[in-house]
Amino acid sequence: MLEQDLSYLQPDKLGPWGTYLQQIDRVVPYLGKLSRWIETLKRPKRSMIVDVPVELDDGTIAHFEGYRVQHNTSRGPGKGGVRFHQEVTLSEVMALAAWMSIKNAAVNLPYGGAKGGVRVNPHTLSNKEIERIARRYTSEIKMVIGPNSDIPAPDVNANEQVMAWMMDTYSMHQGRTVMGVVTGKPVALGGSLGRKEATGRGVFIASSEAARRKGLDIAAGARVAVQGFGNVGSVAARLFNEAGAKVIAIQDHTGTLYQPTGIDIIQLLTHAARHGAIAGFEGVQTLNSEEFWELETDLLIPAALEGQISEKNAPRIRTKIIVEGANGPTTPAADDILNEHGILVIPDVIANAGGVTVSYFEWVQDFSSFFWTETEINHRLERIMCDAFAAVWQVAQEHRVSVRTAAYIVACTRILMAREMRGLYP
Ligand code: NAD
């Protein structure tokens, strides 16, 4: 029998779903008459738990628990990633799906929010075993996904190869190739140019928009610290460097590098590609991990993990602007401290929306089978990010609230307006 996680039914247990519910409660006073629809956002539209049985290489049969949650589809099909992780739970996937509803609406993409996952540690499995899991999981959720209903994408431990297997499996069921059922595919299989860089590029765009409004000139050697040198952090660091900023500190899981005159990002990229991490890079100082948060900077970019800025380190942070590349890097308690200290925080739902925006471009390109150049993609990404930033910024000014609260006001208003106009069926 499947083990069902029912912790989300306990209101006092503050997991990711509890955090999300708190965030929604905070915006209710700003929603006017639309607030009568608020329960819509507090319940996922559809939650699916599936059994994923596969034969392992040694001949044993293993069963994994899989999930797909469509939180809201008022504004369009569900959209959100799939993660393979041994600690994934239904309540976590519910929260991640809900945050996708908020992100897609905040950036004004014509999507609802969804998310999926399989409770498995892929690092203990062979490639063939992962393929079997990806294919069986896709077969089990095939009745709820589709290019017009819910479009998965890669998340933690799922890459473009996994998306290719998912697309192939879905296509085999349909008897025809359906490119648009997932995004984040290899470029040779209907993927989009610019997708890999999109989140880091979006972080840089959001940073530039924030800096401009704070009268800070990035090109004049603004001091930047970046936590995480993976997909998001390394691209953002390179773009800051190209724009004339000084990236004075980089931290990853292997160490913290510091160079007050600016780290040579191109050389660090070569080093990280060769060694898989930043440790051992020469010609710079190293710090302990706590010192990273105390550096005096103009911009701080958490682009690694959730919960990195907490009430413990928030009081010591000395920066002007924090741009959240990671999902949920700031705890609600830390958020309040940063606000009190006058630090501008650009929330994840805006700052890291570049990835889902270019996923949207991939989906549009797949429908028309007409593919855009990377220049066109980057140009369109910039326009969407800047428009979203401006709309949220205006609401923040009008209501004198944080940019995070403003992003939630914008997103919830768009979702609930769509809900109200559609009315209830039947
Ligand atoms: P990644 O796996 O490519 O890189 C993660 C980086 O974080 C690595 O450099 C790793 O060393 C570092 N890290 C891990 N543990 C750390 C620790 N304890 N201290 C300091 N650094 C640590 O992941 P990514 O794709 O760059 O994603 C980073 C964050 O951005 C995640 O929160 C992810 O959910 C979010 N995000 C990613 C995308 C995307 O398109 N990749 C889109 C939206 C949000």
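The model is predicted: local features need pLDDT of at least 70 and side-chain atom pairs count only at pLDDT 80 or more, while totals for chains, interfaces and linings use all residues. Residues are numbered from 1 along each chain as its sequence is written, and side-chain values use heavy atoms, with hydrogens and water left out. The ligand is surrounded by 18 residues, and the protein buries 71% of the area that the ligand exposes when taken alone.

**Ligand site**

- Among the 18 residues around the ligand, the closest are Thr 199, Phe 229, Asn 231, Val 232 and His 253; a residue is near a molecule if one of its heavy atoms lies within 4 Å of it.
- The shell divides into 6 nonpolar, 10 polar and 2 charged residues. Here Ala, Val, Leu, Ile, Met, Phe, Trp, Tyr, Cys and Pro count as nonpolar, Asp, Glu, Lys and Arg as charged, and the others, Gly among them, as polar.
- Thr 199 has a polar side-chain atom 2.7 Å from an oxygen atom of the ligand.
- Phe 229 places a backbone N or O atom 2.8 Å from an oxygen atom of the ligand.
- For Gly 325, a backbone N or O atom lies 3.4 Å from an oxygen atom of the ligand.
- Taken alone, the ligand exposes 830 Å², an accessible area from the Shrake-Rupley method with a 1.4 Å probe.
- Two or more residues of the shell come from each of helix H6 (195-213), helix H7 (231-243) and strand S7 (246-252). Helices (H or I, at least four residues) and strands (E, at least two) are DSSP runs, numbered from the N terminus.

**Helix packing**

- The axes of helix H12 (residues 374-399) and helix H13 (residues 403-422) come within 8 Å and cross at roughly 110°. Axes are lines fitted to C-alpha atoms, for helices over the stretch in contact, and angles run from 0 to 180 degrees between N-to-C directions.
- H12 is therefore roughly perpendicular to H13, a term for angles of 65 to 115 degrees.
- The axes of helix H11 (residues 354-368) and H12 come within 10 Å and cross at roughly 125°.

**Backbone features**

- Tyr 425 and Pro 426 are joined by a cis peptide bond, with omega about 0°. Pro 426 lies in the segment after H13.
- Asn 157, a residue other than glycine, has a positive phi near 60°. Asn 157 sits in the loop between strand S5 (150-154) and helix H5 (160-174).
- Most residues other than glycine have a negative phi, and most peptide bonds are trans.

Notes
A polar contact is a pair of N or O atoms within 3.5 Å; within protein, one must be able to donate a hydrogen and the other to accept it, and residues adjacent in sequence count only if both atoms are side-chain atoms. Angles under 35 degrees count as roughly parallel, over 145 as roughly antiparallel, 65 to 115 as roughly perpendicular and the rest as oblique.
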